[in-house]
Amino acid sequence: MSIFKIIKELAKMKKQLKNSMAEYEKKQVQSLSMSAEELIALSDDDLLFAVIARTEKKVDDFDDLGKGFDSLNQSQKVFYSLNWLESEVNNGGLCQFFVNSSRMAAPLVSGYMEIVGAAEHKKLYDEFVEKNKIDLTDLSYFDIDEVDEFEEKTQAYPFDEYDNAFYNMEPIETYLKKYIREHITDF
């Protein structure tokens with residue numbers, strides 16, 4: 001392939017990416033102004049997208065993550081915390097959940113998993129925390145300043161075992177979709 005064809009393909013890909021991002025942003029903005037009736041009419045996947053956009057926007061409106069989280073109602077906190085957990089585990093494992101600011105939800109997720117009916121996830125999480133004597137109210141051990149420290153933390157506990165078991169379970173989003181539908185007016 002000639003250099004000109006490569007450049008042409010790259011330009012085409014760049015344009016497609018730009019269009020995709022514009023469509024994504026448009027969908028986010030639309031999600032923020034939807035009524036409960038409009039949310040109900042969405043497919044499960046579109047509803048999940050809309051609720052993510054809405055809760056993230058509400059949290060992001062605050063300079064302080066804790067204050068943003070505190071601004072959520074109970075249903076939103078359940079959703080936001082469990083979505084956050086699933087996102088972190090899927091992108092870097094449970095260790096990433098404990099290392100990042102998402103850890104502020106760590107003491108809450110077990111109870112929230114019970115609320116949405118994710119019993120297997122709750123059992124896995126609770127057993128991991130108990131077996132490894134992790135104090136969810138003080139995760140300062142997981143404070144890191146350097147990327148190299150993350151590797152040290154991942155090796156301190158059997159995170160791979162947890163992560164692999166998590167990946168083989170029903171996605172938490174399955175429970176969240178049902179939960180959103182049951183509490184649609186809260187979103």
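Tutor: The expected span of a helix is 1.5 Å times one less than its number of residues. Helices are DSSP runs of H or I with at least four residues, strands are runs of E with at least two, and both are numbered from the N terminus. This is a predicted model, where local features need pLDDT of at least 70, side-chain atom pairs count only at pLDDT 80 or more, and totals for chains, interfaces and linings use all residues. Residues are numbered from 1 along each chain as its sequence is written, and side-chain values use heavy atoms, with hydrogens and water left out.

Take α5, residues 74-92. Its 19 residues should span 27 Å at 1.5 Å a residue. The end C-alpha atoms are 27 Å apart, so the two values agree.

Next, its cover. Buried means under 20% relative accessible area, exposed over 50%, and partly exposed in between, with a 1.4 Å probe and protein chains only. In α5, 14 of the 19 residues are buried, so the helix is mostly covered by this definition. For the protein chain, 37% of the 187 residues count as buried.

Now the two ends. At the start of α5, a side-chain oxygen of Asn-73 comes within 3.1 Å of the backbone nitrogen of Ser-75. Just after α5, Gly-93 has a positive phi of about 95°.

Further along comes Ser-101, in the loop between α6 (94-99) and α7 (106-116). Ser-101 is partly exposed, because its relative accessible area is 46%. Contact means heavy atoms within 4.5 Å. Leaving aside neighbours within four places in sequence, Ser-101 is in contact with Leu-65 and Trp-84. Ser-101 and Asp-135 are 34 residues apart along the chain, and their C-alpha atoms are separated by 16 Å.

Asn-132 sits in another loop, between α8 (119-131) and α9 (147-156). Asn-132 is buried, because its relative accessible area is 15%. Not counting residues up to four places away in sequence, Asn-132 touches Tyr-157 and Pro-158.

Finally, the setting. The protein chain has 11 helices and 0 strands. Its C-alpha trace spans about 55 × 50 × 35 Å along the principal axes. Among contacts between residues at least 6 apart in sequence, 62% join residues at least 24 apart.

Conventions: A polar contact is a pair of N or O atoms within 3.5 Å; within protein, one must be able to donate a hydrogen and the other to accept it, and residues adjacent in sequence count only if both atoms are side-chain atoms.
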